[in-house]
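Let's take a walk through a protein together. Have the sequence and the 3D view open, and turn the view as you read.

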Amino acid sequence: MNISSALNKLRSVSPDNKTLKVFETLRVFKRVRVLFRLSNLPTKVGILLIFLILTACQSTSLTPTIIPPIETPTSAELDPSTLEATASPITDHTPTPSTSTPPSTPAPTARSHSSRNGGMASLGLIGQPNSLNPITENNTALREIAPLLFDTLLRVDPQTAQLQPGLAQQWEYTDDGQQVIFHLPSDLSWSNGNRFTAADIADSLTATQHPALLAFSDIGAQDEDTLIFTFLNIDCAAVTILAQLPLVPATEITASIPTGSGPFMLADWSKNKRTLSLAQNPNYHGPKPYLDNFGIRFLHEDEIAIALSEGQFDAIGPIQSSIHNSQSIIQHSPFTVYTYPAAQVVYIALNYDPLNDPPLPAEVRQALPLALDREAILNEILKGEGHLLAAPLLPGHWATNNNLSPPDYAPAEARRLLAQAGLKDTDGDGWLDQNGQRLELSIRLNGNNPLHQNLGWLVSGYYRDLGLFARAESVPFDSVVDDLFTHDFTLAIFSWPILSDPDQRLYWHSTENTVGIGLNFTSYHNPQLDALLGTGVAVPGCQPQERAPIYAEVQQILAQERPVDFLLAPHRHILRADRLQGLQPGPFAPFTWNATAWYLQP
């Protein structure tokens with residue numbers, strides 16, 4: 001299977017925002033053929049490596065990749081949960097329970113508190129960007145500061161993922177749903193003072209060559225203040241993608257430090273790139289920020305304890321929950337801690353059609369989720385620093401089905417189902433047999449990922465308690481990828497980002513059940529779900545209240561049939577010093593999304 005075939009496959013299902021970035025990256029690397037020495041790796045490995053690099057650090061990022069820096073990460077760095085799970089602090093802000101939906105967070109309004117004006121806030125951000133271009137660089141720290149420097153047409157509510165006004169003050173769809181109309185402020189300027197209009201934004205979006213553009217027959221300007229997207233085929237996920245792309249001049253798409261139009265602009269970047277100074281953008285179109293400046297220092301994870309002890313930062317993060325023993329460090333810090341679930345799902349894949357083994361009986365598939373004490377697992381591996389999931393969306397997301405809950409811990413029912421499947425210990429060795437032979441379950445996982453490894457040990461223990469001969473098989477990351485793409489596994493522990501748009505075609509649509517390139521690794525096929533996925537992304541007008549019931553049904557089906565056993569989302573943490581006020585972080589947006597409303601307490 002070559003890269004061109006993979007591209008055609010991804011194009012055929014008009015995949016969601018994150019995968020569209022993969023598609024574009026593959027197109028580029030077909031040309032340059034250097035990242036990870038793709039010519040020497042199986043194509044399926046290269047596809048997933050690129051996908052994980054682009055999505056794993058933070059799922060709220062929706063930027064494309066055109067020509068990213070060529071670096072060879074370790075296999076541990078490529079695994080989503082390694083990148084999403086790196087610390088374990090104490091919390092003072094509990095996650096929103098699955099039975100309620102947080103209210104939308106209002107956008108900042110005009111400034112009226114003169115006592116809040118002025119001063120510089122110091123941020124410690126985990127990560128180290130090589131450039132300040134959010135189009136070509138995929139880096140945790142850069143994604144967190146992108147709202148300071150760059151506008152987007154729309155934003156997403158950090159708690160609910162609903163679209164909100166960004167640069168576009170209003171937007172609407174035509175009656176037939178075939179066009180999206182964005183209304184922009186008049187007299188817009190980049191931070192360097194050069195004016196730009198709707199036509200320039202159209203040029204900027206087109207210059208990204210983002211595959212989401214394939215959903216539209218035209219992107220153009222009606223006048224200086226009106227931008228129009230015309231669908232080729234209605235694709236609500238594509239609107240979400242393009243509306244959140246950071247805007248830069250079309251001529252600077254690949255510049256290392258492109259000009260932006262956000263509330264702040266670059267003042268200085270140290271030679272070693274570890275410290276960054278930002279000043280107010282005098283040409284910003286929106287309400288003037290309270291703060292005059294930001295001082296930013298980029299931190300490695302092993303520097304968090306030192307950074308906390310220095311007392312020089314007004315905010316530090318995002319810090320990921322993990323099995324690492326950093327909880328006591330944060331617990332004894334003077335910071336207020338904001339805690340929320342990472343936009344990521346860790347799961348156990350249950351393959352319907354393993355390449356080299358017979359499929360598990362339906363009763364065994366039903367029994368395995370009932371074997372797990374999920375609360376105990378969460379407490380054991382993350383000290384409770386995570387959120388148990390019933391389905392592939394987070395609590396609070398506008399499309400989440402709040403009527404679902406994770407499977408109960410019901411070992412007695414699990415044993416009944418195993419007996420119903422005909423499993424019994426026929427030779428008295430303590431292990432259940434199938435057709436006279438011991439049923440053996442191998443749980444494939446990335447041995448370089450501590451979270452996955454610990455999950456594998458715990459999960460296999462629960463399965464063994466039922467009499468199933470289960471073992472966690474830690475293998476190199478490339479081996480896990482190979483097994484997933486070839487469907488050569490029975491069980492596997494893995495993780496994916498949870499996207500701001502609820503489109504789930506990439507993971508569950510039967511057209512993705514293609515050995516070698518498809519991301520429907522579990523060979524799942526459900527015509528009813530296929531139809532719902534196609535309907536949900538193509539609702540004319542893309543109104544959440546019309547799409548949500550469709551995705552509620554999607555989640556209901558996935559929760560019942562469980563092509564994967566959804567486990568948890570680790571927590572993320574933002575640490576804030578007392579004098580800095582106004583932060584409202586959440587899973588679906590960089591925590592600086594409302595930095596114009598931040599201020600220093602007198």
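A residue counts as buried when its relative accessible area is under 20%, as exposed when it is over 50%, and as partly exposed in between (1.4 Å probe, protein chains only). This is a predicted model, in which local features need pLDDT of at least 70, side-chain atom pairs count only at pLDDT 80 or more, and totals for chains, interfaces and linings use all residues. Residues are numbered from 1 along each chain as its sequence is written, and side-chain values use heavy atoms, with hydrogens and water left out.

Start with Glu473. With a relative accessibility of 25%, Glu473 is partly exposed. Its place is in strand β20, residues 469-475; helices (H or I, at least four residues) and strands (E, at least two) are DSSP runs, numbered from the N terminus. Which residues does Glu473 touch, not counting residues up to four places away in sequence? They are Ser442, Ile443, Arg444 and Leu445, where contact means heavy atoms within 4.5 Å. The C-alpha atoms of Glu473 and Ile443 are 5.6 Å apart, although 30 residues separate the two along the chain. With Arg444, the side chain of Glu473 makes a polar contact of 2.7 Å. A polar contact is a pair of N or O atoms within 3.5 Å; within protein, one must be able to donate a hydrogen and the other to accept it, and residues adjacent in sequence count only if both atoms are side-chain atoms.

Next, find strand β9, residues 226-231, where 6 of 6 residues are buried. In a regular strand the side chains alternate between the two faces of the sheet. On one side of β9 sit Thr226, Ile228 and Thr230, on the other Leu227, Phe229 and Phe231, and all of these are buried. Strands pair if DSSP finds at least two bridges between them. β9 runs antiparallel to β5 (residues 179-183), with 5 bridges, and His183 has Thr226 as its bridge partner. β9 also pairs with β8 (residues 216-223) in the antiparallel sense, over 6 bridges. β8 and β9 form a hairpin with 2 residues between them.

Now look for helix α12, residues 374-382, where Arg374, Ile377, Leu378, Ile381 and Leu382 are buried. Seen down the helix axis, the buried residues of α12 fall within an arc of 100°, so they line one face; the arc is that of the directions from the helix axis to the C-beta atoms. These buried residues pack against α11 (362-370), β16 (386-388), α14 (450-465) and β22 (564-576).

Finally, consider the aromatic rings. The whole structure holds 17 aromatic pairs. Rings of Phe, Tyr and Trp (its six-membered ring) pair if their centres lie within 6.5 Å; planes under 30 degrees apart count as stacked, over 60 as edge-to-face and the rest as tilted. The ring centres of Tyr352 and Tyr524 are 5.7 Å apart and their planes lie at 35°, so this pair is tilted. The two residues are 172 residues apart in the chain. Is Tyr524 buried or exposed? Tyr524 is buried, at 1% relative accessible area, whereas Tyr352 is partly exposed at 29%. The charged end of Arg365 sits over the ring of Tyr352, 3.6 Å from its centre; this requires NZ of Lys or CZ of Arg within 6 Å of the ring centre and within 35 degrees of the ring normal.
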